[in-house]
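Please keep the sequence and the 3D view at hand while reading.

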Amino acid sequence: MIELPGDLLYTEEHEWLRREDDGSVTIGITDHAQAALGDLVYVELPEVGQELDSGGDMAVVESVKAASDVYSPIAGVVEEVNESLADDPEIINGDPYGSGWIVRLRPSEKINEDELLSPIAYQELLDEEDA
Amino acid sequence: MGLKTPLFASHVAAGAKIVDFGGWDMPLHYGSQKEEHHAVRNTAGVFDVSHMTIVDLNGDRVREFLRYLLANDVARLQTPGKALYSAMLNDNGGVIDDLIVYFMHECWFRLIVNAATRDKDLAWMQKQAHDFSVTVTEVAGTAMLAVQGPKARELASGCVDAKWREAALALPPFTGMQAGQLFIARTGYTGEDGWEIVMPAAAAASTWDQLLAAGVAPCGLGARDTLRLEAAMNLYGTDMDETVSPLEAGMGWTIAWEPREREFIGRASLERKRSDPTLQRFVGLLLEDKGVLRNHQRVVVAGQGEGEITSGGYSPTMERSIALARLPAGQSESAAVDVRGKLLQVRIVPTPFVRNGKIRIKT
């Protein structure tokens, strides 16, 4: 079964966001996304300090099969990237919501939750895609 | 819903992720494409290749016909069961398909061609066969399994009737035999030892189950692609097609130039290309940096021009990215590949990358 934590926000492009206590936001790809991609072999990460637009390119995840863009769901500045993915991209396959996080951003504007999906709304999206 | 092989239910039961492949519902993987890849390199894996097209050619003049139809020369096939890899060319020397031809007996040869090219292959063969009074018959009601890996023959031998087992295990490479209801050939598309087995559709599921019970890993199209890429075996429609000659696709070795008096379709065009110093070369690439090379990426060779990756991907055996590419004529040991706007360094290397479990390129 696809895992779907209830304390995260999601996007239609199968990313997840976690709002950290210090106001930063951690972003990764969902369990559904990693399963669809298959074994990951390379992750291209942004630079720390890089400014990202909402909906702009943030990272590229490459599986044995194909390359897939990861878009930033919000505007912000990169505070930290998950360096361990450079040597071991399969961490994302094993733990997409935990040690497989990709980027931590400092949002440059207030997050508009209406543009993001709740766990229930994301589950509905997955159900529609299955149907 | 697409076409289904006799093993569709077996794939679903084994947990396959099913994808469309040339109109067929085929397994992409059964959980991990990389683990399936390693199973074939280290022990044994089985692929359902029942979607491939089997064609029997019959007639008194069938050998003469095939010497005209194919760029390789079936005169090389003198022992029943012996097989040959060949391109089938159009008049311009472009590749209509690549195939394996088996010599069964003097009035009967068997061809195994690609699934996606079935219709045009049959039409082309029928058109050419007319003058030779050769009949072209697609073999229906069969399934085909490719069991590949260093332990493949040993583990698969339990599927062969005891009466035939010793003979089957003694088959030399690129040779096939009928063993009861199975046609067993020591061929494959992975760079490993193994068998390809044609059987009646009704026997497919039980043979599949028997192989899995013997410890052979079910493997999907994903692993099939990374294995064949490491072995530098061409994929039709990707590495070559009707606009490309075998000389520009690393298939020069499959053209039988001798005897010179043998006329085969495409020969005149190939003879001209053969002496063309500007003909593109087909090479292997090894990515020096991190990242993954992909099909259609642009390759820049300093001072020589630009080429294109025809097949690129990740090599699970080498844990590096590798590719096959068509480049401008010339000599060079390195090049750069445009990956999303960044130029990454690649080394031009001899192929295959991997054969019989061993990495052949110095990384």
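Predicted model: local features only at pLDDT ≥ 70, side-chain atom pairs only at ≥ 80, totals over all residues.

Which residue in S17(B) is the bridge partner of Gly284(B)? The partner is Leu324(B).

S14 and S17 are part of a closed barrel in chain B, whose six strands follow the order S14-S17-S16-S15-S18-S19 with antiparallel pairing. From one strand to the next, the twist averages 40°.

## The open sheet of chain B

Chain B also holds an open sheet of six strands, in the order S10-S11-S12-S9-S3-S13, and here the pairing is mixed. Strands S10 (176-179) and S13 (217-218) stand at the edges with a single partner strand each, so one side of each has no neighbour in the sheet.

Within this sheet, S11 (residues 182-185) and S12 (residues 194-200) of chain B run antiparallel, with three bridges between them. Ile184(B) has Ile197(B) as its bridge partner in S12(B). Helix H6 of chain B, residues 162-169, lies across S10, S11 and S12. The direction of H6 is at about 175° to S10(B).

## Backbone features in the loops

Most residues other than glycine have a negative phi, and most peptide bonds are trans. The following cases may be read against that background.

Where are cis peptide bonds found in chain B? One joins Glu258(B) and Pro259(B), with omega about -5°. Pro259(B) is placed in the loop between H8 and helix H9 (267-274) of chain B. Another joins Thr351(B) and Pro352(B), with omega about 0°. Pro352(B) is in the loop between strand S19 (342-349) and strand S20 (354-355) of chain B. In chain A, His14(A) has a positive phi, near 70°, although the residue is not glycine. The loop that holds His14(A) lies between strand S1 (9-10) and strand S2 (15-19) of chain A.

## The interface of chains A and B

How many residues of chain B are in contact with chain A? There are 13, and they touch 15 residues of chain A. The two chains bury about 1400 Å² between them, with 47% of this area on carbon and sulfur atoms. Lys290(B), Arg294(B) and Arg340(B) supply 42% of the area that chain B buries against chain A, more than any other three residues.

Six salt bridges are found across this interface. In one of them, the side chains of Arg340(B) and Glu62(A) meet at 3.0 Å, N to O. The side of chain B that touches chain A comprises six charged, four polar and three nonpolar residues. Across the interface there are also 13 residue pairs in polar contact, with both residues at pLDDT 80 or more.

Terms used
Residues numbered from 1 in each chain as written. Chains lettered and ligands numbered in written order. Heavy atoms only, no water. Pairing = 2+ DSSP bridges. Helix = DSSP H or I, 4+ residues; strand = E, 2+ residues; numbered from the N terminus. Axes fitted to C-alpha atoms, helices over the stretch in contact; angles between N-to-C directions. Contact = heavy atoms within 4.5 Å. Buried area = accessible area lost by both parts, 1.4 Å probe. Salt bridge = Lys/Arg side-chain N within 4 Å of Asp/Glu carboxyl O. Polar contact = N/O pair within 3.5 Å; in protein donor to acceptor, adjacent residues only side chain to side chain. Nonpolar A, V, L, I, M, F, W, Y, C, P; charged D, E, K, R; others polar.
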